[in-house]
Amino acid sequence: MSKINDLIKKLCPNGVVYKSLGSFCNIKTGAGVTKKDIVKNGKYKIISGGILPMGMCDKTNRKGNTVTIARAGTAGFVNFIKDDFYLNDKCFSVIPKEKIMIDNKFLYYSLSNIQNKIYELKSSGTVPTVNTEKVSRIIVPIPPIEIQKEIVKILDKFGELEAELEAELEARKSQYEFWRRKLFNNDSECLRLGDLCSIKTGSKPKEILEIGKYEYINAGTSNSGYVDEINSKGDCVTTPSRGQGGIGYVGFQNNDFWCGPLCYQIRSLTDKLLNRYLYYYMLTNSDYILGLKHEGGVPAVNVKELQEMPILLPSLEEQNRIVGVLDRFDKLINDISVGLPAEIELRRKQYEYYRNKLLNFEEYANE
């Protein structure tokens with residue numbers, strides 16, 4: 001930061017020029033693609049209205065190191081594409097004109113710093129979009145190129161640190177998957193889920209709240225809201241019974257909660273089976289549950305078929321050992337308050353803080 005401050009004092013002591021995006025950039029929509037253009041092992045990414053590429057193709061219409069802004073879909077999303085790519089008609093490319101001294105990566109960071117404001121430019125309606133005129137009016141700073149490059153260097157370093165942590169987290173997740181499957185690969189007694197557990201469907205609460213005492217667990221992969229009453233005690237496994245997106249998901253409820261009408265609560269009926277062990281076993285074998293899904297108007301899992309799920313039942317001592325190992329892994333990769341997720345969140349907040357600090361200049365002129 002001290003180097004940046006020194007450069008500002010030396011190169012722009014009276015402030016930094018701010019310009020509208022349309023005054024110094026060519027903002028152009030891409031060209032549409034058809035199904036035949038999309039190639040599984042294509043050379044170039046197709047950048048469209050989503051956060052992720054829509055696929056690959058063998059042709060390109062934009063050079064790399066280019067800023068894009070989604071026109072539709074995730075309208076307003078700012079991205080930076082490092083390699084040559086194909087720009088679809090649901091997205092703009094933002095390319096500085098030749099005479100303007102601006103680093104493309106600096107432009108990306110400047111626009112990312114006001115990402116929420118750019119999202120607010122989208123139109124209301126069935127299909128929200130951002131138009132060229134609104135994008136053209138976005139105001140960004142243009143400090144001397146030496147300052148731009150120094151800021152890019154600092155923010156790139158933050159990005160590299162976060163990427164390293166995320167790569168390590170992915171490696172830990174792979175280890176977690178490996179050990180979860182390895183730990184259950186033994187010669188233990190195998191029994192039916194229905195012989196070991198109760199499987200009950202929940203019910204609809206009187207009112208679903210945005211803030212409440214207890215979580216409302218229904219057909220999704222996360223809580224569906226909150227309630228002020230409970231119909232289920234904690235320490236049990238849950239899995240959706242019906243719904244479009246959640247079949248096969250396995251959750252564990254530590255605390256008392258409200259179980260919804262599209263959800264099964266599964267609880268051990270014997271002191272020979274730990275609920276937490278059951279959770280990890282069913283999570284590891286979620287493909288089995290997914291295989292029970294009946295398609296139709298609303299995909300569903302029949303309780304009688306779920307009762308037939310085979311469960312390996314080792315000794316309580318072995319169950320406790322398995323739970324101990326997997327709990328440690330789970331905390332390391334999923335708990336936002338500890339381990340790698342906590343460190344990634346901290347780095348992200350630091351990055352956002354310094355990005356905002358670095359990209360707010362005293363204004364000299366507003367053109």
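1. Let's start with Lys293, which counts as partly exposed at 29% relative accessibility. In this predicted model, the side chain of Lys293 meets that of Glu295 in a salt bridge, with 3.4 Å from N to O. Glu295 is exposed, and its relative accessible area is 60%. When you look at such pairs, keep in mind that side chains of opposite charge can pair when their charged atoms come close.

2. How many salt bridges does the structure hold? There are 16. One of them joins Asp103 to Lys149, where the closest N and O atoms are 3.4 Å apart. Asp103 sits in the loop between strand 8 (91-96) and helix 3 (104-112), while Lys149 belongs to helix 6 (residues 145-183), so this pair ties together parts that are 46 residues apart in sequence. The two partners are worth checking for burial as well: Asp103 is buried at 16% relative accessible area, whereas Lys149 is partly exposed at 48%.

3. Helix 6 turns up again in the next pair. Glu166 and Arg348 form a salt bridge through their side chains, at 2.9 Å from N to O. Here distant parts of the chain are linked: Glu166 is in helix 6 and Arg348 in helix 12 (residues 339-358), 182 residues apart. Glu166 is partly exposed, with a relative accessible area of 33%, and Arg348 is partly exposed too, at 29%. Salt bridges can also join up into a network, as they do for Lys3, Glu150 and Lys153.

4. Now for the rings. Searching the whole structure gives nine aromatic pairs. Tyr109 and Tyr351 make an edge-to-face pair, with 6.5 Å from centre to centre and 65° between the planes. Why does this pair count as edge-to-face? Because planes over 60 degrees apart fall in that class, and the angle for Tyr109 and Tyr351 is 65°. Tyr109 is buried at 5% relative accessibility, and Tyr351 is buried at 13%.

5. Another pair is Phe252 with Tyr279, and this one is tilted: 5.6 Å between centres and 50° between the planes. Phe252 lies in strand 15 (residues 251-253) and Tyr279 in helix 8 (residues 275-284), so to speak a link between distant parts of the chain, 27 residues apart. Both Phe252 and Tyr279 are buried.

6. Phe80, Tyr108, Tyr109, Phe158, Tyr351, Tyr353 and Tyr354 form one cluster, and it includes both members of the edge-to-face pair Tyr109 and Tyr351.

7. In soluble globular proteins, nonpolar side chains tend to be buried together. The largest core in this model has 39 residues, and Leu193, Ile266, Leu278, Met282 and Leu306 have the most contacts inside it. Several elements each supply at least two residues, including helix 6, strand 17 (263-268) and helix 11 (316-334). Which helix gives the most to this core? Helix 8 does, with seven residues. Leaving aside residues up to four places away in sequence, Ile266 touches Leu193, Leu278, Met282 and Leu306, among others. Apart from this core lies another, of 37 residues, among them Val16, Val94, Ile118 and Leu358.

Key:
Residues are numbered from 1 along each chain as its sequence is written. This is a predicted model: local features need pLDDT of at least 70, side-chain atom pairs count only at pLDDT 80 or more; totals for chains, interfaces and linings use all residues. Side-chain values use heavy atoms; hydrogens and water are left out. A salt bridge is a side-chain nitrogen of Lys or Arg within 4 Å of a carboxyl oxygen of Asp or Glu. Helices (H or I, at least four residues) and strands (E, at least two) are DSSP runs, numbered from the N terminus. Buried means under 20% relative accessible area, exposed over 50%, partly exposed in between (1.4 Å probe, protein chains only). Rings of Phe, Tyr and Trp (its six-membered ring) pair if their centres lie within 6.5 Å; planes under 30 degrees apart count as stacked, over 60 as edge-to-face and the rest as tilted. A nonpolar core is a set of buried Ala, Val, Leu, Ile, Met, Phe, Trp, Tyr and Cys residues joined through side-chain atoms within 4.5 Å. Contact means heavy atoms within 4.5 Å.
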